[in-house]
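Colleague: I am new to this structure and would like to go through it with you step by step. Could we begin with the whole chain and then turn to single residues?

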Amino acid sequence: MKKTLLLLLSVVAVVSLAACSSSEYGVDGDFTAFAYSTHNGAPEVDTVTVTVTDGEISAFYLDARQGVVNQTAGADTEDDASDDAFLAVWNEKTKQELGDDYNMVTYGGAQAEWFEQAATLQAYWLENGVEPVEFDEEGHTDAIAGVSISVESYFELAAQAVANAKAGLFQSVLCVDGEHAPELWIAEMTVVDGAASTLSVDVRQSTMDGNAMVWNEKTKLELGDDYNMVAYSDATLEWFEQSAVITDYVLANGWNDGLAATEAGNGGAIDGTAVDALASATIHTGDFYVVLGQLFDAAEAGLE
């Protein structure tokens, strides 16, 4: 009896120990959280990516892409800008990619460039976690030596990225200069047991309000039938339905790095051969496959 009891206690102890040491992160990969905004009338998107390796957080990466508003002079004189045109476009490089050329030290009086302060913040998160510290009204903190930029919103993004990692939710964003104003393409995928269980692609568009850009309140998916492709074009499916054609195909068949738009710029083709199942996606699909490619690259370590 005593031997049996000891055996049972040993089993319970082993199970309890395993439960305590099990990782909160069931999927490896790069998990991103993002926030869109405007800066000086132009677009901005901030991102924090947390990398999970073997069930543990191994890195953080903070970045931001901004844009500018360009002015094209109309027919009037330089003293009369009544018919001038303004268009916002994304910057070619992110703050990390700009490096020293972001010029915070030269023109902002900072002691360190943005990418250097970002590296300090990333190291802090890796060592101390993403719990909030004390911030002033402008989001600055004295808790991290060498970081003078406003960081409160970055802490919020880092916490969201960690939450995404726990949920197995991957996100990817793509900055696109739309025909009339900037766009932000968003791909999302949930991975369960090594396979994609949900997948979506969406777009948030914007409009120009004078010389400033304004993000649309609803995305294309959120607009649904109100996007009105069928009513005002020769399309037979609304945008959200055509988006589902692509994501349903990828969910059913898996991702293929050779998948791209056809020569006509719509549908889908693998290594140049058109995929019949994607023919009903008559919208421009090139950016679909770019943002999906980014998404599956981020999730590669968690996919079987």
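Colleague: What share of the 304 residues in the protein is buried?
Modeller: This is a predicted model, and what I say rests on values computed from it. A residue counts as buried when its relative accessible area is under 20%. Among the 304 residues of the protein, the share that is buried comes to 41%.

Colleague: How many helices and strands are there in the protein?
Modeller: The protein holds both kinds of element, helices as well as strands. One of the strands is β3, which covers residues 56-72, and one of the helices is α5, which covers residues 152-167. The counts are nine helices and twelve strands.

Colleague: Is L62 buried or exposed?
Modeller: L62 is part of strand β3, and its contacts, leaving aside residues up to four places away in sequence, include T47, V48, Q96, W114 and W125. Buried means a relative accessible area under 20%. Because L62 has a relative accessibility of 0%, L62 counts as buried.

Colleague: How far apart in space are L62 and Y154, C-alpha to C-alpha?
Modeller: Y154 is among the residues that L62 touches, and a contact requires heavy atoms within 4.5 Å. In sequence, L62 and Y154 are 92 residues apart, while in space their C-alpha to C-alpha distance is 7.8 Å.

Colleague: Which residue forms a salt bridge with K166?
Modeller: Side chains of opposite charge can pair when their charged atoms come close. The structure holds one salt bridge, and it links distant parts of the chain, with K166 in helix α5 and its partner in the loop between α1 (2-21) and β1 (29-39), 142 residues away. The closest N and O atoms of the pair are 3.3 Å apart, and the partner of K166 is E24.

Technical notes: Residues are numbered from 1 along each chain as its sequence is written. This is a predicted model: local features need pLDDT of at least 70, side-chain atom pairs count only at pLDDT 80 or more; totals for chains, interfaces and linings use all residues. Side-chain values use heavy atoms; hydrogens and water are left out. Helices (H or I, at least four residues) and strands (E, at least two) are DSSP runs, numbered from the N terminus. Buried means under 20% relative accessible area, exposed over 50%, partly exposed in between (1.4 Å probe, protein chains only). A salt bridge is a side-chain nitrogen of Lys or Arg within 4 Å of a carboxyl oxygen of Asp or Glu.
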